[in-house]
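Please look over the sequence and the model below.

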Amino acid sequence: MDRRIAVVIPAYNEEKSIAGVIRGVRRLGTGYHVIVINDRSSDDTTRNAEAEGAVVIELPVNLGIGGAVQTGFKYAYSHGFDAAVQVDGDGQHPPDQIPLLVEPLFGEGVDMMVGSRFLGSDYKVSLMRGLGIRLISLFLRATTGMSVRDATSGFRAVNRGVMGFFAQTYPQDYPEPESLLLAFLKGFKVAEVPVRMSYRQYGISSITPFRAVYYMTKVLLAMFIDLFREV
Amino acid sequence: MLQIRLFVGVVSILFFIATFEFIRKGRLREEYAILWLSTSSIIAILSLWPGLLGILSEMTGLYYITAVLAIFFSFIIAVLMHYSITISRMKEANKELIQKCALLDLRVRDLEHGKGNEA
């Protein structure tokens with residue numbers, strides 16, 4: 001198989017978990033190349049990732065998840081990768097699930113694949129978060145007819161077309177749901193597949209219940225405006 | 001009334017001088033300088049020649065202090081809006097530069113380690 005898949009791992013202070021994730025990706029075979037984007041961590045993320053043989057891009061200034069992931073897409077696009085998978089560096093996304101996301105991009109006419117925690121599993125999230133995710137999903141269905149249960153999932157794969165688009169245009173603050181919408185509006189086919197996810201082992205979620213309301217408002221507003229945008 | 005006029009006049013002249021100094025030292029770009037120089041000029045002229053305000057209100061029909069306040073607030077809001085747009089544009093440019101910088105940094109490290117010929 002001479003497909004080259006970029007596994008893009010945005011990492012902010014993930015020194016404890018990053019090596020395990022990279023080792024997991026390596027077990028998938030030779031077609032997968034790990035690209036870690038260190039978003040100005042203050043710990044040993046870079047050293048631990050390089051020790052596992054990953055390519056590490058070090059951002060000189062903290063950009064947040066959107067800017068970090070986009071850097072990965074830019075790298076993967078300019079280095080001729082056929083597809084890119086976004087995987088969290090905290091071990092939430094088991095690398096053995098990656099092929100489930102990648103395979104449909106080749107031959108099934110899907111351009112972007114989202115890994116869903118909720119399809120066919122009983123993954124638990126907090127009440128507020130669950131409500132938020134449901135609201136976003138409802139919004140997407142009502143405005144575009146898209147059916148995505150887990151729009152906030154950061155476990156997703158894109159083909160080269162979407163990669164090039166995201167290298168140019170990618171939302172910055174809470175990019176997951178909005179990027180789905182942008183890809184859809186650009187005319188790409190977005191689909192969802194059930195995956196198994198772990199609960200995070202180290203660190204805390206970047207979305208505390210505290211920020212949930214702000215998050216929801218911002219995401220929904222941004223997506224609403226996107227509907228009127230020329231993408 | 002005279003004291004207030006004197007005060008406003010002095011402030012506007014100080015404002016004018018400060019703006020001029022900032023441009024001279026290169027700390028304020030010309031595009032903003034025009035805005036602030038004209039603002040301070042208008043305030044200065046109005047405080048030195050209060051009759052002008054009467055002529056203006058005759059011409060425009062703006063007799064009420066609320067109308068003047070509305071104009072004042074619109075001006076402030078427009079300036080703030082302009083700053084928000086400028087900040088957004090700068091953030092985007094900044095992000096692109098940071099990303100480019102990081103990608104070039106990786107390329108330099110690769111070249112130093114003789115891995116430059118890879119894909």
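## Domains of chain B

Domain bounds here come from an automatic or database domain assignment. The model is predicted. In chain B, domain 1 covers 1–61 and domain 2 covers 64–119. Their centres, taken over C-alpha atoms, lie 31 Å apart.

## Fold and shape of chain B

Chain B holds four helices and zero strands. Read from the N terminus, the order is α-α-α-α.

What box do the C-alpha atoms of chain B fill? Along the principal axes, the box is roughly 75 × 30 × 20 Å. The radius of gyration of chain B is 24 Å, whereas a compact globule of 119 residues would have one near 14 Å.

Burial in chain B stands at 6% of the 119 residues. Take the contacts in chain B between residues at least 6 apart in sequence: 52% of them join residues at least 24 apart.

## Helix H3 of chain A

Helix H3 of chain A spans residues 64–78.

H3(A) is mostly covered, with 12 of its 15 residues buried. Among them are Ile65(A), Val69(A), Phe73(A) and Tyr75(A). The buried set also includes Gln70(A), Thr71(A) and Lys74(A), as well as Gly66(A), Gly67(A) and Gly72(A). After H3(A) comes Gly80(A), with a positive phi near 70°.

How values were computed. Residues numbered from 1 in each chain as written. Chains lettered and ligands numbered in written order. Predicted model: local features only at pLDDT ≥ 70, side-chain atom pairs only at ≥ 80, totals over all residues. Helix = DSSP H or I, 4+ residues; strand = E, 2+ residues; numbered from the N terminus. Rg over C-alpha atoms; globule rule 2.2 N^0.38 Å. Buried ≥ 20, exposed ≤ 12 C-beta atoms within 10 Å, placed from the backbone. Contact = placed C-beta atoms within 7 Å. Expected span 1.5 Å × (residues − 1).
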